[in-house]
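This report describes selected features of helix packing, the nonpolar core and the backbone. The sequence and the structure are shown first.

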Amino acid sequence: MAPIPEDQQQALVTRLMKACGGAYSPETRRKYFISGPQWAAAYEGHALFHAPTRPPIGFEQIIPKYAEIGIGYWATHDTDVIPTELLGTPAQWEIVGRISKTLRDNNVQCSMVTAETFHHAVWAAGPAAESPAVRDYANFRVKNTVDIGHELGANFAVYWPGSLGYYVQGAIDEIDTLRWYAGAINAACEHDLKVAEEKNRPPLKHCLEAKPFEPQAEILLPTSDAMLAFIASGALTHPEMVGLNPEYLHELMWGAAPRAALARALLAKKLFHFDINDGYRLKHDVDIAVGLVNPLDWLNVLVLLRSHDYEGPFNLDYKPPRTTSQFGVFEVSFPTAVDRFITLWEMAGEAISDPIIKEATDTLKAGGEITSTNVDEITRANRELLTLHELIAHRLVQILIGQHRGRTFSIT
């Protein structure tokens, strides 16, 4: 093949994208509670060891692109769209007004807002630092984000305490730090109740997001389970307002099973919001798009969520690869991420209603016929039925690859 001229490359990508097939219409995509974060589309490909590979892009360009794709919801950090020095000033509200207009013009809703409490130098010792001035500023930031959220019509606020921890042992008192961090969440909730009453809106759902490592050496709230314990600790004044925003990859990063973490959150009635992406166990936060690494695990995750009536957002918290161009971010990356999610979600519904899986599951729940309490007889009565565990797993793989519809390969 001859080299492809630069002015023909986008057309080639578009042609091959259409040739892939399997795409849903923007109207169909909008039927799902999928949100596109400002930071994901604006990611320039930079990292600790990587220079940017894409130019900057603002909300005026991203929101219309999401609308064209069929992503009906948008989420943002405060400083994704408002410079830090303008937060809380009249200039902030001018920017928020422009965002509101852009959302309205494109029929996109703001679903979630979050405060950046990890990147700026003020957070060098974290959002719950020893300095009262830093903690007061953290309280201002989360309350200001609540204000922005209500103004934009959001229903969720997320908090990732990425710098809540330490580099060297003995430098902080962990109990003090956790109590001070609870103070910031309490400030956000108290302010939210006041603003919601003034605006005649429901309060936001406040969601804590855990991450096992990065950027601090030791993290005080590293897992979703740690967040559940923190919520139940008694340090929060409104624990009923606070739940979780688990991130799929953050659970994998420490070797856990995302489905199990989600199940524990569901059991506690604290699964409010869900950041979706993909990646590898025990690696750093690579934020690959949903379904590209672990499609079978994702199918199982969505079977759980559909089975237990999760109705919250699915937030596309991933980074388009550095190799993807700005054109490709919206032509390939986001449309395909949305379409894989929709396909896996519908596959999960198919798995739930599949007669083979249903009969196998019902059989296991019924157990073997026995009236004895003898341990050996109980074991024998169920021994053959337990083979159904592997049969169910096989059936899920069949559904994933289409083999349940008769797809086979002829080997000659």
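In this predicted model, residues L344, M347, E350 and A351 of α13 meet L396, I399 and L400 of α16. By residue class, the contact of α13 with α16 divides into six nonpolar, no polar and one charged. Helix α16 spans residues 388-401, and its axis comes within 10 Å of that of α13, the two crossing at roughly 140 degrees. The helices α13 and α16 are therefore oblique to each other, since angles over 145 degrees would be needed to count as roughly antiparallel. The crossing of α13 past α16 is right-handed.

A second helix pair can be described in like terms, because two packed helices are described by the angle between their axes and the distance between the axes. Helix α11 covers residues 258-267 and helix α12 covers residues 295-307; their axes lie 9 Å apart at an angle of about 15 degrees. Consequently, α11 and α12 are roughly parallel to each other, as angles under 35 degrees are classed in that way. Their crossing is right-handed. On the α11 side, the contact is made by P258, R259, L262, A263 and L266, and on the α12 side by D297, N300, V301, V303, L304 and L305. These residues divide into eight nonpolar, one polar and two charged.

The two pairs are set out below.

In soluble globular proteins, nonpolar side chains tend to be buried together. The largest nonpolar core of this model has 102 residues, of which W74, F274, L302, L305 and F334 touch the most other members. Helix α13, residues 326-353, contributes the largest share of this core, with 12 residues.

Which residues does L305 contact, leaving aside its neighbours within four places in sequence? They are L262, L266, L271, F274, Y310 and F314. Of these, L262 and L266 also belong to the α11 side of the contact with α12, and F274 is itself listed with L305 among the core residues that touch the most other members.

Strand β6, residues 205-208, contains L208. Is L208 buried or exposed? Its relative accessibility is 1%, so L208 counts as buried, the cut-off being under 20%. Not counting residues up to four places away in sequence, L208 touches Y159, Y181, I185, M227, F230, I231, V242, G243, L244 and N245. By contrast, L292 is 84 residues from L208 in sequence, and their C-alpha atoms are 26 Å apart in space.

**Backbone features in loops**

The peptide bond joining E214 and P215 is cis, with omega of about -5 degrees. P215 lies in the loop between β6 and β7, the latter at 218-219.

Two asparagines have positive phi values. N107 is not a glycine, yet its phi is positive at about 55 degrees; N107 is placed in the loop between α6 (90-105) and β3 (109-114). Its relative accessibility of 56% means that N107 counts as exposed. For N200, phi is near 55 degrees, again a positive value in a residue other than glycine. The loop that holds N200 runs between α8 (174-199) and β6. With 72% relative accessibility, N200 counts as exposed, the threshold being over 50%.

Note on methods. Residues are numbered from 1 along each chain as its sequence is written. This is a predicted model: local features need pLDDT of at least 70, side-chain atom pairs count only at pLDDT 80 or more; totals for chains, interfaces and linings use all residues. Side-chain values use heavy atoms; hydrogens and water are left out. Axes are lines fitted to C-alpha atoms, for helices over the stretch in contact, and angles run from 0 to 180 degrees between N-to-C directions. Helices (H or I, at least four residues) and strands (E, at least two) are DSSP runs, numbered from the N terminus. Angles under 35 degrees count as roughly parallel, over 145 as roughly antiparallel, 65 to 115 as roughly perpendicular and the rest as oblique. A crossing is left-handed if the near helix is turned anticlockwise from the far one by less than a right angle, and right-handed if clockwise. Contact means heavy atoms within 4.5 Å. Ala, Val, Leu, Ile, Met, Phe, Trp, Tyr, Cys and Pro count as nonpolar, Asp, Glu, Lys and Arg as charged, and the others, Gly among them, as polar. A nonpolar core is a set of buried Ala, Val, Leu, Ile, Met, Phe, Trp, Tyr and Cys residues joined through side-chain atoms within 4.5 Å. Buried means under 20% relative accessible area, exposed over 50%, partly exposed in between (1.4 Å probe, protein chains only).
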